[in-house]
Amino acid sequence: MSHLLIPDLEEKAFLRLNELAAAHGRSAEAEARAILEEALRLQHASGWAGVDEIYDRLAVSGRAFGDSTDLLREDRDR
């Protein structure tokens, strides 16, 4: 298991962490772990969120999305 030390954490952040931990019935360490894991999971998942949003918006408009492979080959063969 890995350990993380966060030097110079602002007092306000530490107090808020303890408040959240108490509200969720866990230790400050467990709360910090949950926050980090969720933030990293969301960051990874949201990398394509903007692309997915545009795709969904265009799909609703009735546009068809084909494979660009044929277009790339055609352009390359010119």
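Good morning. I begin with Asp70, which is found in helix H4, residues 69-76. The model before us is a predicted one. Asp70 is exposed, with a relative accessible area of 55%. Together with Asp67, Glu74 and Asp77, Asp70 forms a negative surface patch.

I turn now to the salt bridges, of which the count comes to three. In general terms, side chains of opposite charge can pair when their charged atoms come close.

One of these bridges joins the side chains of Arg78 and Asp75, at 3.7 Å from N to O. Arg78 is exposed, at 74% relative accessible area, while Asp75 is partly exposed, at 46%.

Another salt bridge links Arg16 and Glu19, with an N to O distance of 3.2 Å. Because Arg16 and Glu19 are three residues apart in helix H1, about one helical turn separates them. Arg16 has a relative accessible area of 45% and is partly exposed; Glu19, at 46%, is partly exposed as well.

Arg26 and Glu31 also meet through their side chains, at 2.6 Å from N to O. Is Glu31 buried or exposed? Glu31 is buried, because its relative accessible area is 2%, and buried means under 20%. Arg26, at 36%, counts as partly exposed.

Next, helix H3. Its twelve residues, 49-60, reach 16 Å from the first C-alpha to the last, close to the 16 Å expected. Just after H3, Gly62 takes a positive phi of about 90°.

Finally, His3 lies in the segment before helix H1 and is exposed, with a relative accessible area of 77%. His3 and Glu29 are 26 residues apart in sequence, and their C-alpha atoms are 10 Å apart in space. Thank you.

Key:
Residues are numbered from 1 along each chain as its sequence is written. This is a predicted model: local features need pLDDT of at least 70, side-chain atom pairs count only at pLDDT 80 or more; totals for chains, interfaces and linings use all residues. Side-chain values use heavy atoms; hydrogens and water are left out. Patches are made of residues with over 30% relative accessible area and no salt bridge: like charges are joined within 9 Å, nonpolar side chains (Val, Leu, Ile, Met, Phe, Trp, Tyr) within 5 Å. Accessible areas come from the Shrake-Rupley method with a 1.4 Å probe; for residues, only the protein chains shown count as cover. A salt bridge is a side-chain nitrogen of Lys or Arg within 4 Å of a carboxyl oxygen of Asp or Glu. Lys and Arg count as positive and Asp and Glu as negative; His and the chain ends are not counted. The place of a charge is taken as NZ of Lys, CZ of Arg, CG of Asp or CD of Glu. Helices (H or I, at least four residues) and strands (E, at least two) are DSSP runs, numbered from the N terminus. Buried means under 20% relative accessible area, exposed over 50%, partly exposed in between (1.4 Å probe, protein chains only). The expected span of a helix is 1.5 Å times one less than its number of residues.
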